[in-house]
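Q: I would like to learn how to read a predicted structure step by step. Could you take me through its features one at a time?

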There are 2 protein chains.
Amino acid sequence: MSVLVAGVDVGGTKIAAAAVDIEHQVHHRRKRPTPGSALEVVDLITEMVQELPAVTAVGVGLPGLIKDNRVLTAPNLTGWDEHFDVVELLREALGVPVFVGNDADVGLLGEWQAGAAVGQHDVLGVWMGTGIGGSLILSARPYRGATGVGGEFGHILVQPGGAMCGCGRRGCVEAYAGRRMMGLAAEAERAAGRNSALFSIMAKKGKPTTTSSVWGAAIAGGDAVAIELMDAGIEKLGIAIGSALNLLDPDLVVLGGGMTEEFGQKLADRVEKAAEPWTMHVREDRRYVAAALADNSGIVGAAALARAGVLTG
Amino acid sequence: MSVLVAGVDVGGTKIAAAAVDIEHQVHHRRKRPTPGSALEVVDLITEMVQELPAVTAVGVGLPGLIKDNRVLTAPNLTGWDEHFDVVELLREALGVPVFVGNDADVGLLGEWQAGAAVGQHDVLGVWMGTGIGGSLILSARPYRGATGVGGEFGHILVQPGGAMCGCGRRGCVEAYAGRRMMGLAAEAERAAGRNSALFSIMAKKGKPTTTSSVWGAAIAGGDAVAIELMDAGIEKLGIAIGSALNLLDPDLVVLGGGMTEEFGQKLADRVEKAAEPWTMHVREDRRYVAAALADNSGIVGAAALARAGVLTG
């Protein structure tokens, strides 16, 4: 086996880690629930990486705003703050270089290196999980904006004065299609007297929140609230994707994240239909695909980030 | 004087042409009203270029969708259709190579070569004229999307189910901030019994439509309808720019087009204020500027396109 690096995918509900070889193959994959504080996240990542065979570097993808290998904000993780130096803490604990990237960026990077976007020049990545992440490949390289804070697809406005978003504004696409906001909307329905199977399934599965698998089970079971919220989320995703396509005209839209793992290509197909009415130039040759590496996109991409970081850092 | 090329800027209301030297200096500039048919546009461009000193190539910017040096659609020009081969007709009439580009693309190219965007890596160009054009410089080169139809900033959705746009959809930013749609909105106000100085000024100036100078005079005179429509247009522009900045994080936003020529930096400042609430990461070092070449942006950019075309075509 070639020299290994660790890829770590920190989500709002779970952390996955594995050793990844130079061929982007994933070994010794493991998964745990995301703990409630930033320090516990660091301890758990440390533990999970120490369980792996020896690695020469660690890449971590997480849902946050990252610039110059520092996490500036991570609103969908609890107990995180801008002065919390996850890279330094992990480097001290593990004794190898550590590189951190936005979860959607590392997810799309994984797909671009070894999944659905291999060889593509212009790609929009939309990561549908706890929040809505976004990432771009433009002119055959990752594009992160002038200062590294680009790709905030989740905060494209789709409804002025609309639903409250976690960012404090109203009407962002994440306010409708982000799983956390969808869960809050379901709770609001319940408070208004309209129950949903989401909560009984959540209790039965022993989940602390409405995870993607909870949504999957509720929708499969015909739960009206879950179906309506999912329909609304997809409708708004379509608007935001249409606007992004009008501006950027990519060949490929890759859908990833926990909700895509749950619903697969069916979700990508629904999103394509929802985007068409808002797309100026509907192209027969533009494809919408679910991430091919599924729940390994982030691990493979984080590992690629770690390798690139060691090479260029 | 160095070898000259012609730069031609075709707008919804006027056509400007000039000879441009290698230093991007503009010579023998002339301007005429845009005629009502595509064939008349070709005849007028021919005549205007023939009045210039000898040129080795011609570049034409026009408000349309252009791919592979062909105009696919030009909804803000009358009598245009996809089979009308403006490049071939002009080449036959003038006997030199002809290159055509989208008006916002050549406008921003002009600013990038010789105006407000010189040396910039990541720029969003918003051209506010008859319609709303958009153009991008990303990673220090013009970005036109995978198939050349990117940059359709005007059709970013800002209000689902909102005002009718010329593209047939509802709620695009152009439906609020494009001068043609603003003029139609003013006519609707008049039909509903609320008159506006826009129409008396238009008649007095002998203009066939509410041109940018008509809007300038009406707003300067305190006309309520014109002020309200302009406020609404700027508000919606702010939403669309915020969404584009969240996705692309450029360092610079260049405002151009007829309305910017009329209102200058004051318009850029107002647009900046309107975009701030919708911008995820407001950066002190991000600038909003009016096109420095003003009504020569398109001419200089079209000439640059012609020079590049001769070199690469």
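Q: Where is the place of Ala140(B)?
A: Before the case itself, some conventions: this is a predicted model, in which local features need pLDDT of at least 70 and side-chain atom pairs count only at pLDDT 80 or more, while totals for chains, interfaces and linings use all residues. Residues are numbered from 1 along each chain as its sequence is written, and chains are lettered from A and ligands numbered from 1 in the order in which they are written. Helices (H or I, at least four residues) and strands (E, at least two) are DSSP runs, numbered from the N terminus. With these names, Ala140(B) sits in the loop between β9 and β10 of chain B, and although Ala140(B) is not a glycine, its phi is positive, at about 65 degrees.

Q: Is Ala140(B) buried or exposed?
A: A residue is called buried if 20 or more other C-beta atoms lie within 10 Å of its own, exposed if 12 or fewer, and partly exposed in between, with the C-beta atoms placed from the backbone. Ala140(B) counts as exposed because it has 11 C-beta neighbours inside 10 Å. Ala294(B), which is found in the loop between β12 and α11 (297-312) of chain B, counts as partly exposed because it has 13 C-beta neighbours inside 10 Å. Ala294(B) also has a positive phi, of about 50 degrees, although it is not a glycine.

Q: In what order do the five strands of the open sheet in chain B stand?
A: Two strands pair if DSSP finds at least two bridges between them, and a sheet is read by following such pairs. In chain B the order is β10-β9-β8-β11-β12, with mixed pairing. β10 (141-143) and β12 (287-290) of chain B are at the edges, each with a single partner strand, so one side of each has no neighbour in the sheet. Neighbouring strands of this sheet are turned by 25 degrees against each other on average, direction ignored. Strand β8 (residues 123-128) of chain B pairs with β9(B) in the antiparallel sense over six bridges, and Leu124(B) has Leu136(B) in β9(B) as its bridge partner.

Q: Which strands of chain B does α8(B) touch as it packs on the sheet?
A: Two residues are in contact if their C-beta atoms, placed from the backbone, lie within 7 Å; axes are lines fitted to C-alpha atoms, for helices over the stretch in contact, and angles run from 0 to 180 degrees between N-to-C directions. α8(B) touches β8, β9 and β11 (252-256) of chain B, and its direction makes about 160 degrees with that of β8(B).

Q: How many residues does each chain give to the contact between chain B and chain A?
A: The contact takes 35 residues from chain B and 35 residues from chain A. On the side of chain B, β9 (132-138) and α8 (224-248) are the elements that give two or more residues, and α8(B) gives the most, with seven residues. For the classes, Ala, Val, Leu, Ile, Met, Phe, Trp, Tyr, Cys and Pro count as nonpolar, Asp, Glu, Lys and Arg as charged, and the others, Gly among them, as polar. The side of chain B that touches chain A has 17 nonpolar, 13 polar and five charged residues.

Q: Into which domains is chain A divided?
A: Domain bounds come from an automatic or database domain assignment. Here chain A has domain 1 (5-108 + 295-312) and domain 2 (120-292), and their C-alpha centres lie 23 Å apart. The contact between them takes 17 residues from domain 1 of chain A and 26 residues from domain 2 of chain A. On the side of domain 1, β5 (65-67) and α3 (103-114) of chain A each supply at least two residues, and the largest share, five residues, comes from α3(A).

Q: What do β5(A) and β6(A) form?
A: They form a hairpin with two residues between them, and Asp68(A) in the turn has a positive phi of about 50 degrees. Three bridges join β5(A) to the antiparallel strand β6 (residues 70-73) of chain A, and Ile66(A) stands opposite Val71(A) in β6(A).
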